[in-house]
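Q: I would like a close look at one part of this predicted model, namely the place where two of its chains meet.
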Amino acid sequence: MDAFEELVRRHQQRSLHVAFRFLGDRTRAEDVVQDAFLKILAAAPRYRPTARFSTYLFSVVWHLCVDQHRRKRPGRLDPEAQVSDPGKGPDVRLEDAERAEQVRAAVDKLPPRQRMALVLKHFEAMSYEEIGHALDCSPRAVDALLVRAKRKLKEDLADLL
Amino acid sequence: MDCREVQERLNAYLDGELPTEARALVREHLTACQRCAAELGELKQLNCGIDSLAGMAAPTGFAQRVREAAERSPIRSGVWSFSEFLAPGRAPVRVAAVVMAAVGLALGMAMGGAIGPGAVSVEETTTAELEGFDLYVDPLSAAPSGSVTEVYLAFAAETE
């Protein structure tokens with residue numbers, strides 16, 4: 001169990017980032033990531049490394065995020081997680097928070113696969129091939145997901161850009 | 001490449017995912033086409049907006065909580081723990097296991113020679129046929145060929 005706890009410690013931050021950016025809710029993100037690690041532990045005897053462990057982990061997180069998404073509507077942006085640069089004045093910080101809220105709301109409206117492809121690309125800097133492993137699709141399909149996602153976001157955020 | 005083809009590839013171009021030759025063609029087009037260059041600028045701006053979305057820090061003690069949840073879970077590594085099977089709360093599971101084993105054994109003994117090609121039931125064996133055999137007088141080993149009982153006996157012999 002020490003090794004398991006160490007495994008969680010090493011990968012918790014990235015997986016929480018991904019889950020939170022997909023779900024927009026801190027509590028649900030924690031639940032998803034905890035469930036992901038428990039599932040991985042239960043499947044450990046059958047695990048055969050064909051890709052990086054983080055890719056495998058993100059794949060499990062992705063499936064659990066989709067389950068959450070089907071059960072509930074995406075959560076609102078967690079105000080505690082807002083970007084806040086203490087070097088900026090309060091008006092600028094408020095404006096940043098409002099822009100982030102608009103971007104967040106637009107990302108929340110994306111279909112699940114487009115949203116997760118976006119999260120994995122932008123926040124985990126994964127290659128199209130790695131994202132394809134996580135989402136069980138080809139790199140070309142990942143490109144198509146991202147193109148459609150960006151096109152939709154451009155429409156929704158036209159005022160911002 | 002025309003504008004439509006370039007714009008379809010702009011995202012992959014920014015992500016560094018285009019093959020070398022395609023990347024060069026896109027770059028060449030962008031130096032000459034203001035419209036596509038403007039499109040690229042908008043895409044970069046959008047990417048900045050997406051990148052600015054906040055994440056969440058791992059809460060204190062998260063790894064320990066996950067470990068504790070794993071220790072409470074009955075299936076820790078895909079293998080049932082025998083000590084968990086004997087735990088007081090598992091009485092219904094133990095009863096069910098015993099009942100299933102008893103039912104399986106009874107069915108096997110009742111079915112007799114009904115399994116396997118060419119198997120002959122005990123009732124179909126005539127007295128005349130039996131008299132011709134030098135039978136080993138052990139009721140447990142007189143199992144018709146291909147029967148479930150024969151299989152059980154063979155398994156038991158291997159495990160002893």
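How many residues of chain B are in contact with how many residues of chain A?

A: In this predicted model, 35 residues of chain B are in contact with 44 residues of chain A. Chain B and chain A bury about 3,600 Å² between them, and 64% of that area lies on carbon and sulfur atoms. B:Leu53, B:Met56 and B:Arg67 supply 21% of the area that chain B buries against chain A, which is more than any other three residues supply.

Polar and charged pairings also cross the interface of chain B and chain A, where the rule finds 16 residue pairs in polar contact, both residues being at pLDDT 80 or more, and 5 salt bridges. In one salt bridge, the side chain of A:Glu30 meets that of B:Arg65 at 3.0 Å, N to O. On the side of chain B that touches chain A, the elements giving two or more residues are H1, helix H3 (34–51) and helix H4 (62–72) of chain B, and the residues of that side divide into 16 nonpolar, 9 polar and 10 charged.

The buried residues of H6 (residues 128–135) of chain A are A:Tyr128, A:Ile131, A:Gly132, A:Ala134 and A:Leu135. They lie on the same side of H6(A), because they cover an arc of only 160° around the axis. Just after H6(A), A:Asp136 takes a positive phi of about 60°.

Note on methods
Residues numbered from 1 in each chain as written. Chains lettered and ligands numbered in written order. Predicted model: local features only at pLDDT ≥ 70, side-chain atom pairs only at ≥ 80, totals over all residues. Heavy atoms only, no water. Buried < 20%, exposed > 50% of the residue type's maximum accessible area, 1.4 Å probe, protein only. Helix = DSSP H or I, 4+ residues; strand = E, 2+ residues; numbered from the N terminus. Arc of directions from axis to C-beta. Contact = heavy atoms within 4.5 Å. Buried area = accessible area lost by both parts, 1.4 Å probe. Salt bridge = Lys/Arg side-chain N within 4 Å of Asp/Glu carboxyl O. Polar contact = N/O pair within 3.5 Å; in protein donor to acceptor, adjacent residues only side chain to side chain. Nonpolar A, V, L, I, M, F, W, Y, C, P; charged D, E, K, R; others polar.
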